[in-house]
Amino acid sequence: MELVGKVAIVTGAAQGLGRAFARAMIQRGAKVCISDQNVEKGNTSCVALRKELNTADVNFVKCDVTQQDDMKNMFDDTVRRYGGVDIVVNNAGIMNERTWSSCVDINLKGVIQGTLLALEHLQERGGVIINISSIAGVVPVAGAPVYTATKHGVIGFTRSCSVNPKVKAANIRLACLCPTFTDTPILDMTDDHFTSWSSRQNLWKDVEQLGIMKVETVAQGFIQLLLDKDNNGAIMTISPNRGIQTKYYPKARM
Ligand SMILES: NC(=O)C1=CN([C@@H]2O[C@H](COP(=O)(O)OP(=O)(O)OC[C@H]3O[C@@H](n4cnc5c(N)ncnc54)[C@H](O)[C@@H]3O)[C@@H](O)[C@H]2O)C=CC1
Ligand SMILES: CCCCCC(=O)/C=C/[C@H]1[C@H](O)CC(=O)[C@@H]1CCCCCCC(=O)O
């Protein structure tokens, strides 16, 4: 897939990985709507990207992924501004075991809603949906069971959509990105983010063992995943030990 002239939406893109994904796509000629619930950070990042990359092809739209009206508006605004949508990156996510219900609302329900709207918008012209899971989507994580459940859910949902014959016929491709710990503000966790059945100490031991990747490393894998036109249903893992790997898990026997 060539990115020049393509139109992309990234949720939760005011900072961290979402902003890095947006930046990498703009650098390759895409027009990008960055959205986030945080208006101040979203606007600041939009201005910074315009300046750094010397482009007008990036805009910010306020969107809380738990709010259906915000989500619809994000798509409609992008269509009005750029004439359509080609790429949707459902990235917004939080790590909070204590407010676990909002973790499910944002990490899982937000991705489901974003994907369903994306499928509607892409069904005439085809396109790509990348859902951001985590290595916690494929391995158990004792320190963060709710976060882990949401990320497993993202993979199950995305792979199920990818094998739908209607999706294939519409020339839509779906894939998941599963990084390990990456240097973004999500790692600024305090004990308040945990319960007696989860643990910052446990998670931090894992961080110390595994290390923390740079956002640029993950953005490199993201672009690889986006450009590979034959990877519908793929799960890409990225870790300091094994680097970027694309995996295909068994499909249902029908
Ligand atoms: N940084 C890491 O170690 C890893 C992150 N991930 C995933 O990558 C994605 C991005 O995370 P990071 O950039 O690391 O985190 P981050 O905390 O730096 O950025 C997350 C962004 O999502 C936004 N957000 C939160 N709730 C939202 C909502 N309801 N609606 C819209 N936006 C909302 C925040 O305002 C923030 O800008 C998440 O899905 C996360 O689970 C996956 C594996 C590792
Ligand atoms: C808030 C961000 C959470 C990110 C979760 C995460 O990256 C968890 C990682 C480890 C967990 O704590 C326990 C583990 O075993 C996870 C690491 C497993 C890495 C396997 C890498 C395999 C591969 O590269 O293929």
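A residue counts as near a ligand if one of its heavy atoms lies within 4 Å of it. Keep that cut-off in mind, because it decides which residues belong to each shell below. The model itself is predicted.

Start with ligand 2. Its shell holds 16 residues, and Ile135, Thr180, Asp206, Ser239 and Lys247 come nearest. Now look at the polar atoms. A polar side-chain atom of Asp206 sits 2.4 Å from an oxygen atom of ligand 2. Lys247 also places a polar side-chain atom by an oxygen atom of ligand 2, at 2.9 Å. Phe181 takes part through its backbone: an N or O atom there lies 3.3 Å from an oxygen atom of the ligand. How much of ligand 2 does the protein bury? Alone, the ligand exposes 630 Å², and the protein buries 83% of that.

Which elements build this shell? Those that give two or more residues are α7 (200–210), β7 (235–239) and β8 (243–247). Helix α7 gives the most, with three residues. Sorted by class, the shell around ligand 2 has eight nonpolar, five polar and three charged residues.

Move on to ligand 1. Here 28 residues form the surroundings, and the closest are Asp36, Asn91, Tyr147, Thr182 and Thr184. Tyr147 brings a polar side-chain atom to 2.6 Å from an oxygen atom of ligand 1. Gln15 does this with a polar side-chain atom at 3.0 Å from an oxygen atom of the ligand. Thr182 uses its backbone, with an N or O atom 2.8 Å from an oxygen atom of ligand 1. On its own, ligand 1 has 830 Å² of accessible area, and the protein covers 94% of this. Helices α1 (16–27) and α5 (145–162) each supply at least two residues of the shell. By class, the shell around ligand 1 divides into 14 nonpolar, eleven polar and three charged residues.

Next, find Thr115 in helix α4 (residues 100–122). Is Thr115 buried or exposed? It is buried, because its relative accessible area is 0%.

Finish in the loops. Most residues other than glycine have a negative phi. Asn54 has a positive value, with phi near 50°. It lies in the loop between α2 (39–53) and β3 (58–62). Asn54 counts as exposed, because its relative accessibility is 70%. Asn171 also has a positive phi, near 60°. Its loop runs between α6 (165–169) and β6 (172–179). With a relative accessible area of 60%, Asn171 is exposed.

Terms used. Residues are numbered from 1 along each chain as its sequence is written. Chains are lettered from A and ligands numbered from 1 in the order in which they are written. This is a predicted model: local features need pLDDT of at least 70, side-chain atom pairs count only at pLDDT 80 or more; totals for chains, interfaces and linings use all residues. Side-chain values use heavy atoms; hydrogens and water are left out. A polar contact is a pair of N or O atoms within 3.5 Å; within protein, one must be able to donate a hydrogen and the other to accept it, and residues adjacent in sequence count only if both atoms are side-chain atoms. Accessible areas come from the Shrake-Rupley method with a 1.4 Å probe; for residues, only the protein chains shown count as cover. Helices (H or I, at least four residues) and strands (E, at least two) are DSSP runs, numbered from the N terminus. Ala, Val, Leu, Ile, Met, Phe, Trp, Tyr, Cys and Pro count as nonpolar, Asp, Glu, Lys and Arg as charged, and the others, Gly among them, as polar. Buried means under 20% relative accessible area, exposed over 50%, partly exposed in between (1.4 Å probe, protein chains only).
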